[in-house]
Amino acid sequence: MTTADEDRYAERVHRLCVPIALRPGGRVWIGPLLPDDRDLLSREYATLSPESKWNRFLAAVPELTPSMLDQLVDEVDGVDHVALVAFLETQAGLVPAGVGRLVRYPDHPGAADMAFTVKDEYQGRGIATALARSLVARAPKGVTRILTEVAHGNLAPLAILGKLGSMQVFQSSEGVVDVEVKLAGHEEDSAAESTCLHRRPGIPSPAHPRLDAQHHGLPPTA
Ligand SMILES: CC(C)(COP(=O)(O)OP(=O)(O)OC[C@H]1O[C@@H](n2cnc3c(N)ncnc32)[C@H](O)[C@@H]1OP(=O)(O)O)[C@@H](O)C(=O)NCCC(=O)NCCS
């Protein structure tokens, strides 16, 4: 990380982010992903372990493609697609440590997909938990549930999502589990939305560009 990066992060954090204390000590600052974070996202994603990359997209995605970056950065509107970045205070200064997003399903406005990623070296410190809570606090109006997919055996996201409300996990046949969380303190906004939406064919998972496989040139199972 260059001194210029450090200065930029410090300026941004103090202007836009809020501090959250982490359990084992330390502090993370969470604020919005910005339109010019394309390079940041791309660069930091490239440093993840293959396992973390797989768990994020449920596919082998060695680097974020331009079309994925369009979706992950350009399509963030702060309303129906909320994306947050976590900057960790370290001895070396502020470092980008994680990212999380909440994306409303266009055809099911009471539901949103949630995804988060924390850099391998900073995992296990409560950063994703802080991101998830911050995302729920900024959830699009009317969103009462999270619907998402998690790799079978990836237990950390389940631990995090389970703290957001009442969680149900549905086994899937593709090494993936479907997760539904009724958000605590968020009322259902319509009877129609109260039906279980999990695993309906044709409902793309908006925070997981991998599901838009054809568009992104990814394998159909991605
Ligand atoms: C999933 C991920 C975001 C978690 O980030 P993190 O900052 O380490 O998460 P936190 O420290 O906030 O919390 C992790 C929780 O999972 C629990 N956990 C971690 N590994 C676990 C395991 N193997 N079994 C059970 N629980 C586990 C922790 O105990 C903690 O729960 P607690 O607060 O009750 O103790 C991170 O591992 C990651 O980026 N993985 C790759 C991408 C991914 O899998 N994203 C999720 C799907 S989109």
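Predicted model: local features only at pLDDT ≥ 70, side-chain atom pairs only at ≥ 80, totals over all residues.
Residues are numbered from 1 along each chain as its sequence is written. Helices (H or I, at least four residues) and strands (E, at least two) are DSSP runs numbered from the N terminus, and two strands pair if DSSP finds at least two bridges between them.

β3 and β4 pair in the antiparallel sense over 10 bridges, forming a hairpin with two residues between them. β4 and β5 also run antiparallel, joined by eight bridges, and they too form a hairpin with two residues between them; in β5, Y105 has H108 as its bridge partner. β4 is mostly covered, with 10 of its 13 residues buried (20 or more other C-beta atoms, placed from the backbone, within 10 Å of the residue's own).

## The sheet as a whole

Eight strands make up an open sheet of mixed pairing, in the order β1-β2-β3-β4-β5-β6-β8-β7. Its edge strands, each pairing on one side only, are β1 (18-21) and β7 (165-171), and the twist averages 25° from one strand to the next. Within this sheet, β2 (residues 27-32) and β3 (residues 81-90) are paired antiparallel over five bridges, and A86 in β3 is the bridge partner of I30.

## Helices and core

Helix α1 (residues 3-16) lies across β2, β3 and β4 (93-105), running at about 50° to β4, whereas helix α5 (residues 127-137) lies across β1, β2, β3, β4, β5 (108-118) and β8 (176-183), at about 45° to β4. These angles run from 0 to 180 degrees between N-to-C directions, with axes fitted to C-alpha atoms, for helices over the stretch in contact (C-beta atoms, placed from the backbone, within 7 Å).

The largest nonpolar core has 51 residues, of which L84, A86, F87, I127 and L131 touch the most other members; such a core is a set of buried Ala, Val, Leu, Ile, Met, Phe, Trp, Tyr and Cys residues joined through C-beta atoms within 7 Å. Leaving aside neighbours within four places in sequence, the contacts of L84 include I30, V99 and L131.

## Around the ligand

Of the 21 residues around the ligand, N55, Q123, A128, T129 and L155 come nearest, a residue being near if its C-beta atom, placed from the backbone, lies within 6 Å. The largest share of this shell, five residues, comes from α6.

Conventions. Contact = placed C-beta atoms within 7 Å. Buried ≥ 20, exposed ≤ 12 C-beta atoms within 10 Å, placed from the backbone.
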